Amino acid sequence: MAHIRNCRENTAFTFQDITMTLAELNQRFGISNHIRFTEISGGLIAADIDNAHASAGITLQGAHLMTFQPRGQEPVIWLSKYAKFAAGKSIRGGVPICWPWFGPHATDSKLPGHGYARTVMWEVLETKALPDGSTFIRLGLVETDATRAQWPHPSSAQVEITVGKALRVELVTHNSGKEVFTLGEALHTYFHISDVAQMTIQGLAGCDYLDKVGEPARRTQQDGIVIASEVDRVYVDTAADCVIEDRGLKRAIRIAKQGSRSTVVWNPWTEKADKMGDFGQDGHRGMVCVESANAFDNVVSVAPGATHRLAVVYSVETLK
Ligand code: BG6
């Protein structure tokens with residue numbers, strides 16, 4: 001396994017148990033006019049992708065895509081202006097990877113909400129320039145004693161990201177053990193929107209959801225989703241595409257998923273966002289989370305030797 005010894009090309013540097021200099025990382029996985037690795041705030045290492053179709057930034061910590069902007073478009077992904085970049089901390093915005101559980105741990109409240117994948121180190125396994133001009137990167141979660149203590153099941157997690165005109169993110173879980181395990185997961189995607197009052201989410205009418213605001217309750221969605229107060233909902237048994245219609249930006253973002261039966265819709269609204277400390281004043285107005293997940297009723301049983309894939313394509317359409 002590689003070690004990042006040095007982020008500034010040559011100085012000795014160790015980050016968890018990965019060992020490779022930034023120069024070595026670029027030599028092995030950098031591709032000109034496609035992908036380059038750099039050090040960003042907090043000593044984190046990021047893959048900067050810039051190709052004919054789009055630009056994107058991904059930190060190795062968490063395999064966390066922070067930005068995605070197709071050429072000629074506003075950003076598709078929201079990243080808080082007040083996001084904190086630090087080892088072991090989740091970044092507010094982008095596409096946090098929730099794995100191997102979603103929300104609080106089922107039996108141990110001391111374990112981190114949404115699992116540990118978003119705050120641990122991932123290693124680069126492969127990069128490719130694709131024939132259509134897109135850029136591909138595959139990352140693997142680095143297991144340590146700390147991760148094994150939280151998740152004792154022999155398994156592996158990989159994230160595959162393709163940055164083109166559209167963005168494709170795939171979370172791949174393999175059970176390498178002898179026993180079945182139960183997996184909860186989400187691509188906890190934050191979308192950039194003009195203003196929450198200008199936005200409607202389509203695709204979930206008729207779906208049942210768990211409403212997590214106030215006393216938890218089960219309800220049925222009647223129509224498109226309009227947000228004018230805190231929203232925290234887990235829609236279950238839905239494989240449908242969702243479309244974020246943004247009248248302000250005169251565009252729609254399509255979220256097309258495979259291997260996911262839940263969709264989480266979240267906006268913390270004023271009070272909760274203020275408490276979080278990394279949204280900023282009115283930050284919640286310019287974002288909405290539509291998360292492609294397997295949670296609550298839809299956690300997944302992964303049999304020994306089996307591989308489970310959750311894949312999502314995010315694309316921009318003209319608003320009709
Ligand atoms: C959403 C949950 O997925 O993530 C919310 O449904 C939660 O309940 C939100 O508040 C943000 O979580 P975190 O851990 O990133 O602050």
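1. A polar side-chain atom of H114 lies 3.1 Å from an oxygen atom of the ligand, and a polar side-chain atom of R92 is placed 3.2 Å from a ligand oxygen atom; a polar contact here is a pair of N or O atoms within 3.5 Å. For E291, an N or O atom of the side chain is 2.9 Å from an oxygen atom of the ligand. Taken alone the ligand exposes 400 Å², of which the protein buries 78%, with areas computed by the Shrake-Rupley method with a 1.4 Å probe.

2. This is a predicted model, in which local features need pLDDT of at least 70 and side-chain atom pairs count only at pLDDT 80 or more, while totals for chains, interfaces and linings use all residues. Residues are numbered from 1 along each chain as its sequence is written, and side-chain values use heavy atoms, with hydrogens and water left out.

3. The residues surrounding the ligand, each with a heavy atom within 4 Å of it, include F102, R118, H188, K212 and D232. By class, this shell has three nonpolar, two polar and five charged residues, where Asp, Glu, Lys and Arg count as charged, Ala, Val, Leu, Ile, Met, Phe, Trp, Tyr, Cys and Pro as nonpolar, and the others, Gly among them, as polar.

4. The disulfide count comes to zero, a disulfide being a pair of cysteine sulfur atoms within 2.5 Å. The sulfur of C98 is too far for a bond, because the closest cysteine sulfur, in C289, is 9.2 Å away. C242 is likewise in no disulfide, and the nearest cysteine sulfur, that of C207, is 7.9 Å away.

5. On confidence, the protein averages a pLDDT (the predictor's confidence in each residue, from 0 to 100) of 94, and 94% of the residues score at least 70.

Terms used. Polar contact = N/O pair within 3.5 Å; in protein donor to acceptor, adjacent residues only side chain to side chain.
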